[in-house]
Amino acid sequence: MYSELMKYDLGAGVEVFSTQRNAVLPYPVIQGHQVHDCKVAVVDRPDMTREDLEGYDAFVTNLPGVAIGVRTADCIPVLLYDPVRRVIAAVHAGWKGTVLRISQKAIGVMSQCFGCNPADMRAVLGPGIGPRSFQVGEEVVAHFKKAGFPIDEIWSFNGPGDGTPMSGGHHIDLWKANRWLLEQEGIPKEAIHLAGIDTYTTEAFFSARREGIHCGRIINAIKLIPQ
């Protein structure tokens, strides 16, 4: 029944997954109305609704048995777990949220509200658009430069291209950009796991760039297992 779930191993005490096309959720997942901004909500009730979470793109909770998640279709889902304090987060990081350092803001909420230490955290970057597929305009590159990202590590210019979609032009590696944010905040490099799945080229996952903005969405969820 749940064969369409892509599961991740972040250790004991937590369940983490992304849905593939036509997957059935095994349980309810609290989600918000995402707007490509950088607001972080603390989920402190199991009955919080999409309306309660209007305008939020990241969610943090310490409630056991309560799944939180973000919807993506090329954007990068970042799922965080602190096994020491037993706190989790789900982050929606498109290019705008990445530039706004939303992952770091979520880590900050985990630390400020629950006493988490980034050195204890584990993370997974789920399916999202890969660097070869994420062709962007010069203005997007400029946003990353202005925001202080290591541009030579996350940007490439591939010339005029060969006429096929996404060849040539400027490309940004959102995987590396978000990994860099996590490492800068203090999460150990070896504790950051990359799914490495390019949604644009992998039809098992929804891709707004490939299918249009009205396509379905991947649900990327994380839940503390009650002890």
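His36 is partly exposed, with a relative accessible area of 38%; buried means under 20% relative accessible area, exposed over 50%, and partly exposed in between, calculated with a 1.4 Å probe on protein chains only. This report describes a predicted model, in which local features need pLDDT of at least 70 and side-chain atom pairs count only at pLDDT 80 or more, while totals for chains, interfaces and linings use all residues. Residues are numbered from 1 along each chain as its sequence is written, and side-chain values use heavy atoms, with hydrogens and water left out.

**Two residues with positive phi**

Most residues other than glycine have a negative phi. His36, although not a glycine, has a positive phi of about 65°. Its place is the loop between strand E2 (14-19) and strand E3 (40-42); strands (E, at least two residues) and helices (H or I, at least four) are DSSP runs, numbered from the N terminus. Arg86 also has a positive phi, near 55°, and lies in the loop between E6 and E7. Arg86 counts as buried, at 15% relative accessibility.

Strand E7 covers residues 87-93, and seven of its seven residues are buried. On one side these are Val87, Ala89, Val91 and Ala93, and on the other Ile88, Ala90 and His92. Two strands pair if DSSP finds at least two bridges between them.

| Strands | Bridges | Direction | Residues opposite each other |
|---|---|---|---|
| E4 (residues 58-61) and E7 | four | antiparallel | Ala58 and Val91 |
| E9 and E11 (residues 170-172) | two | antiparallel | Gln135 and His171 |

**The open sheet**

E9, E11 and E10 form an open sheet of three strands in the order E9-E11-E10, with antiparallel pairing. E9 and strand E10 (155-157) are the edge strands, each pairing on one side only.

**The largest pocket**

Rolling a probe the size of a water molecule over the atoms shows where empty space is left. On a 1 Å grid over the protein atoms alone, a pocket is an open set of points where a 1.4 Å probe fits, with protein on both sides within 12 Å along at least five of seven lines; lining residues have an atom within 4 Å of a point. Grid points are joined across faces, edges and corners, and a volume is the space filled by probe spheres set on the points.

The largest pocket holds about 510 Å³ of space. It is lined by 23 residues, of which His36, Ala73, Cys75, His92 and Ala208 are the closest to its centre. Helix H1 (95-99), strand E9 (135-136) and helix H6 (208-211) each give two or more residues to the lining.

**Thr98 in helix H1**

Thr98 is found in helix H1 and is buried, with a relative accessible area of 0%. Its side chain makes a polar contact of 3.1 Å with that of Asn178; a polar contact is a pair of N or O atoms within 3.5 Å, where within protein one must be able to donate a hydrogen and the other to accept it, and residues adjacent in sequence count only if both atoms are side-chain atoms. Leaving aside neighbours within four places in sequence, Thr98 is in contact (heavy atoms within 4.5 Å) with residues including Ala93, Phe144 and Leu181.
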